Each structure stands twice: as structure tokens, then as C-alpha cells.
There are 2 protein chains.
Amino acid sequence: MSKTTIKDVAKVAGVSVTSVSRVLNNRGYISDQLKGKVIQAIEDLNYTPNEIARSLYKNETKAIALIIPTNLNPFFSELTFYIEKELANLGYHLYVCNSLNDSNKEKIYLELLSEKKVDGIIVGSHNMDIKEYDKISGNIVSIERKINDRIPMIISDNYLGGKLATEELINNDCKSILCITGDQDESSPANNRLVAYSQVMKKNRLKEYIYRMPFTDTREEKTKKIRSIFEEDITFDGVFAGDDLTARYVIQVAESLGLKIHKDLSVVGYDGTSLIRNLFPEIVTVVQPLERIAIKSVEILLDMIKGKEVKSEYIFKVELSN
Amino acid sequence: MSKTTIKDVAKVAGVSVTSVSRVLNNRGYISDQLKGKVIQAIEDLNYTPNEIARSLYKNETKAIALIIPTNLNPFFSELTFYIEKELANLGYHLYVCNSLNDSNKEKIYLELLSEKKVDGIIVGSHNMDIKEYDKISGNIVSIERKINDRIPMIISDNYLGGKLATEELINNDCKSILCITGDQDESSPANNRLVAYSQVMKKNRLKEYIYRMPFTDTREEKTKKIRSIFEEDITFDGVFAGDDLTARYVIQVAESLGLKIHKDLSVVGYDGTSLIRNLFPEIVTVVQPLERIAIKSVEILLDMIKGKEVKSEYIFKVELSN
């Protein structure tokens with residue numbers, strides 16, 4: 001028996017070959033009538049379109065998923081912007097998942113990868129157990145988190161950031177410097193900021209003060225904690241904040257207590273998004289090269305998808321604003 | 001000839017029915033060896049899986065696309081957050097497209113709809129010619145833009161917003177009030193803020209001053225324009241800014257010129273995102289109910305997908321902060 005072709009389907013359905021192809025590929029405008037005719041012909045002829053075999057082999061979706069904690073934080077919304085921009089330039093579409101406080105959501109998006117509904121994943125989220133990733137095959141790159149040896153990590157130089165921030169405060173004659181950091185675990189690259197802070201403080205024979213404040217705390221919770229820190233016995237003249245929002249909350253509390261910023265208290269933030277720098281051109285902060293991190297993440301992920309060799313780590317320099 | 005079934009394929013391939021189903025649906029872990037065997041059996045038997053016919057009929061992708069100008073603006077990044085959150089609760093994934101200055105990108109995402117790669121689109125972008133939408137069938141809802149009668153619009157009450165802002169400035173004893181607005185066209189709902197400003201000013205026998213500043217201007221461009229406004233002959237004691245970022249730039253310029261905010265100049269912004277209100281708890285702004293707008297957009301879109309009747313317009317109240 002000679003194999004049925006798309007031409008036979010078109011003939012039996014009484015439509016053009018192009019129309020059959022449109023229905024099979026679900027592309028362009030398709031009326032219900034056309035669809036019905038083509039499906040009937042396919043069933044009558046027991047036709048197996050080559051497209052099935054082809055799509056099974058090809059597996060390309062041209063879709064990438066980005067998993068981040070939350071678009072409410074300008075660091076991640078700018079990351080989303082630059083990643084989407086770069087992917088669009090290269091013909092890819094982007095799924096965005098805000099996984100904050102919800103490891104199940106992270107899991108659901110990772111399943112898109114096993115189900116081959118996306119070609120790859122960029123993960124900038126931190127709430128799922130790292131072991132879960134060992135079960136997953138497929139192309140993943142990670143931003144600011146070491147997951148495993150198979151998953152390349154794109155990071156900025158956290159040690160350098162911590163060093164620049166602490167040295168800046170010491171250069172401003174601060175003697176009593178508080179470091180407010182997130183609740184990341186010790187394996188997190190962000191922890192290197194803390195290591196740098198400790199080393200610089202030790203080198204300058206200054207006492208270390210570290211306060212851990214969960215990333216997920218609301219403004220109200222953070223402000224309350226900062227207020228109680230300032231109301232304690234120690235008079236801080238410098239604060240190295242883990243991100244720019246926290247730096248702003250520190251400044252708000254300090255000003256409400258009558259402290260003069262720069263004179264009584266110096267504050268250095270972290271991230272340096274364009275939004276925060278536009279809103280506070282005077283802010284002193286460690287600037288991460290967000291656009292370059294985004295572009296590199298896309299480049300490495302697409303290299304993996306093409307089967308190219310990639311390194312396990314890509315580190316970007318940071319710099320102090322102003 | 002009796003129709004070939006999935007059982008025949010499994011038998012010829014020497015694998016289980018479940019394995020054949022996994023290959024056909026591209027679901028779960030599939031080794032290349034397994035895939036090869038199944039595809040070979042499919043070809044040998046000239047098998048048409050029922051799944052093809054089913055998927056052609058069903059057409060559900062559980063994917064929605066959101067087209068916004070830019071995730072760099074907190075209004076749209078918070079909109080993204082709330083829309084993604086609501087969709088995820090309902091089992092949908094979200095594509096995000098930043099279409100600022102690029103109507104072609106808007107078009108590419110709209111094609112996802114014609115190609116049935118998404119079940120629907122939420123559009124909060126404004127750069128594509130409205131006529132283009134007339135050619136597109138499929139489920140679309142629009143945020144803050146009247147596109148056509150088929151596309152429901154979710155908006156906040158722009159007239160009320162303009163009225164509240166202008167009255168607030170007049171209550172602050174401002175006599176010379178500048179309205180800085182975007183470059184939206186007259187058909188844009190945002191234009192009603194301007195209509196309200198004009199009516200309130202006329203009612204109070206005050207002279208109107210309107211300045212149009214493109215949304216796409218950078219901070220530098222906006223700041224330069226604001227500076228030249230303040231250096232002109234007219235001494236403004238009130239500014240109604242089209243968005244909170246512009247309000248901040250006005251305050252920055254005014255302070256750099258030695259003006260005292262509240263005493264010499266009152267400023268009212270627009271949008272009232274949680275980020276801006278966290279960073280500037282003292283800001284006076286018209287607050288849009290972003291989360292409710294997001295949830296309503298999702299609700300209306302999913303209603304359309306289910307074939308339910310929807311209204312052509314949904315209007316939300318706004319209120320003044322503080």
C-alpha cells in the first residue's frame with residue numbers, strides 16, 4: 001500500500017494543500033468548517049502526517065521560562081525586562097513565574113521543562129530545595145545561586161560588592177557599621193558579601209554587627225525591625241544594607257529619628273537598578289550590571305539548547321555608584 | 001481494514017502503551033531509544049493517533065500573553081505580578097512581552113493568538129495602530145485603552161483621578177497649577193484626567209497650563225524639560241504629574257532650585273504603586289487599584305475563553321493617597 005500524502009488529504013477534503021498544512025500546524029486563520037473537513041479526511045484516510053514524526057524529533061518550542069521571586073522588586077522586574085528583550089531579539093517568547101514563598105509554583109514551571117513545553121529555564125529564585133533540581137534533566141541556567149554542577153551559574157562578584165561597600169563606609173569615617181543581610185543560607189553566593197564585610201572589618205580592627213532580615217519581610221516589618229535596632233544601645237554611624245529598598249527604609253527610619261544622612265549616618269545599598277537610581281540619584285549603592293547578567297544568561301541558555309559546551313560559572317564585576 | 005490502535009503501536013515497538021502515550025504527548029522522561037522505537041512503529045503501521053484529532057479540536061494551551069510597554073515601570077511590573085499570580089492560581093502560564101517603542105513586537109505576540117499558541121491576550125500597551133486589532137479574532141482584553149467593540153476594556157476612573165488631583169492642589173491654596181500629561185491621543189481613557197483638570201480649573205476661574213511629555217522620555221529628558229519649565233516666567237505653585245516617576249522628577253528639580261515642597265510647591269502624582277508608596281510614604285498620589293484591575297482582567301479573559309458574555313467596559317474607582 002502506497003503511503004497516504006498530504007495531497008490525498010487535500011483532495012478528499014476538497015481543499016488546498018496549504019489549508020491542510022494550516023490545520024495540521026494550527027497556523028493562521030482556520031474556520032471550523034475547514035478544520036472539520038480536514039480532520040474528517042485525515043480520519044478517512046488514516047493519514048499520519050510527517051509533521052508528527054518531525055515535531056517529535058524537533059521538540060523546539062521557542063519558549064523560555066524565567067522563575068524569579070517577585071516582579072514587585074525592581075531588581076527582578078528589570079531582570080525580566082532585559083531577559084525578555086534579549087530573547088525577543090532572538091525569536092523566543094518568555095514565560096514569567098513569580099515563585100516567592102511558593103516552591104510548588106517553582107516546581108510547576110520546572111515541569112514545563114520535562115513536558116518539553118519550554119526549551120529552557122532561567123531560574124533566579126531561591127525557595128525550592130536544591131535536591132529537587134537533581135531529578136530534572138533539560139536546559140537550566142541559574143542566576144545568583146549554585147544549584148549543581150550541571151547548571152551554569154551567572155553571578156556578580158558578591159565578595160567585591162561587600163568589600164566596596166564596607167570600605168566606602170570606613171572611608172566615610174564610620175566606626176560602628178551594621179551589616180543588614182537577607183536570610184540566604186551559607187551556600188548562597190550572596191553570603192560572600194558578608195564574608196567580605198567581616199574581613200574588611202577585622203582588617204580595620206572594627207567590631208562586626210550582622211542583622212539578618214528575611215527578603216520576604218514587608219516594608220512594615222522591615223521598618224519596625226530597623227527602628228528597634230536604632231533604639232538599642234549601640235549608636236551606628238554606618239549601615240551596609242542588603243538591597244536598595246532596605247537602604248531606603250533605613251534612611252526613612254533614621255530621618256524620622258532626627259539623624260542627618262551623611263553627617264550622622266552613612267548608608268550603602270545594593271543592586272543599583274535604574275529605577276532606584278532615577279528616583280534617588282544621590283544613593284550610594286553597589287551596582288550590579290543587570291543588563292549584562294540578563295544577556296549572558298540568555299546566551300548561555302541558548303548555547304546549552306544548541307548543545308554547545310558552557311562553563312559552570314560566569315562572574316560579573318560590580319561597582320560603587322557615584 | 002481495521003483501524004490501528006495505540007496497542008498495536010506498543011506491540012510493534014515492544015514497549016508499553018504508557019510509553020507510547022508519553023512519546024505522543026511529549027510528557028515525562030523519554031529516552032531517545034524509546035522515542036526512536038515508537039516513531040518507527042508509528043511509521044511502519046501508518047498510525048494516526050486519536051490525540052491529533054483531539055488536540056486539533058481542543059486547542060487549549062493554558063497559556064496567556066500579557067503585552068505591556070515595559071517592566072522597567074513599576075506600574076506595569078506590579079500589573080505583571082498580580083496577573084501572573086491570579087493566572088497561576090487558575091492553572092495558567094503567562095507570557096510577558098515588553099513592547100515599548102516596538103509595534104512589531106506587539107504584532108508578533110498577537111500572532112501567537114492567531115496561531116493558537118495562547119488562549120488569550122491581555123494588552124496594556126499602546127503603540128500599535130488600533131486598526132490592526134480589527135483583523136485579529138480571538139480572546140483579548142484591554143487595560144486602559146479602547147480598542148474596538150469586541151475587546152472589553154478594564155480601566156480605572158481617569159476623570160475621577162484628574163478631579164481628585166486638581167481639587168487637592170486647589171485645597172492646598174495653589175493658584176498656578178501645571179498639568180504634566182503623557183503623549184496619549186485624545187481617544188485614550190487617560191485623556192479624561194486632562195478633561196477633569198480643565199473643568200475643575202475653569203470652575204475655579206484658574207488659568208490652565210498643560211505640558212505634554214512623552215511616556216518614553218528618559219529621566220534625563222524629563223528632568224531637562226521640567227527644569228526649563230521652572231526657569232520660565234510663570235511661577236507654578238502646584239503640579240499634577242501624569243505618573244509618580246514624573247512627580248518625583250518634578251520634586252527633584254524643584255528642590256535643586258531651592259524650592260520647598262508643600263510650602264512653595266505642591267505635587268500630586270498618579271498610579272500609587274506599592275513600590276513607590278513604600279519608597280515615598282509621604283507621596284500624594286492618585287492610587288489605582290492595580291491588584292483589582294489585574295484580577296478583573298484575568299476573570300474577564302477567562303470568561304471570554306469559556307464563551308461567556310462579558311461587558312464592554314469595567315471601571316474601577318481611584319482614590320487619593322493619605
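Author: Let us begin with a loop. A:Glu144 is placed in the loop between strand S4 (140-143) and strand S5 (153-156) of chain A; helices (H or I, at least four residues) and strands (E, at least two) are DSSP runs, numbered from the N terminus. This is a predicted model, in which local features need pLDDT of at least 70 and side-chain atom pairs count only at pLDDT 80 or more, while totals for chains, interfaces and linings use all residues. Residues are numbered from 1 along each chain as its sequence is written, and chains are lettered from A and ligands numbered from 1 in the order in which they are written.

Reader: What is the phi of A:Glu144, and is A:Glu144 buried or exposed?

Author: Its phi is near 60 degrees, a positive value in a residue other than glycine. A residue is buried if 20 or more other C-beta atoms, placed from the backbone, lie within 10 Å of its own, exposed if 12 or fewer, and partly exposed in between. A:Glu144 counts as buried because it has 21 C-beta neighbours inside 10 Å. A:Asp271, which is not a glycine, also has a positive phi, of about 120 degrees. A:Asp271 lies in strand S9 (residues 266-271) of chain A and, with 27 C-beta neighbours inside 10 Å, counts as buried.

Reader: Which order do the strands of the open sheet in chain B have?

Author: Two strands pair if DSSP finds at least two bridges between them. The open sheet has six strands in the order S7-S6-S8-S9-S10-S12 (chain B), with mixed pairing. Its edge strands are S7 (209-212) and S12 (319-320) of chain B, each of which pairs on one side only. S6 (residues 177-181) of chain B runs parallel to S7(B), and four bridges join them; B:Cys179 has B:Ile210 of S7(B) as its bridge partner.

Reader: Which helix packs on the sheet beside S6 and S7 of chain B?

Author: Helix H9 (residues 191-203) of chain B does, touching S6, S7 and strand S8 (238-241) of chain B. Contact here requires C-beta atoms, placed from the backbone, within 7 Å. The direction of H9 makes about 170 degrees with that of S6(B); axes are lines fitted to C-alpha atoms, for helices over the stretch in contact, and angles run from 0 to 180 degrees between N-to-C directions.

Reader: Why is strand S9 of chain B described as largely enclosed?

Author: Six of the six residues of S9 (residues 266-271) of chain B are buried, so the strand is largely enclosed by the rest of the structure. S9(B) pairs in the parallel sense with S8(B) over three bridges, where B:Phe240 stands opposite B:Val268. Three bridges also join S9(B) to the parallel strand S10 (residues 285-287) of chain B, with B:Tyr270 partnered by B:Val286.

Reader: Which residues touch the most other members of the largest nonpolar core?

Author: In soluble globular proteins, nonpolar side chains tend to be buried together. A nonpolar core is a set of buried Ala, Val, Leu, Ile, Met, Phe, Trp, Tyr and Cys residues joined through C-beta atoms within 7 Å. The largest one here has 88 residues, of which A:Leu66 and B:Leu66 touch the most other members. Not counting residues up to four places away in sequence, B:Leu66 touches B:Thr80, B:Ile83, B:Leu94, B:Tyr95, B:Val96, B:Cys97 and B:Ile122.

Technical notes
Two residues are in contact if their C-beta atoms, placed from the backbone, lie within 7 Å.
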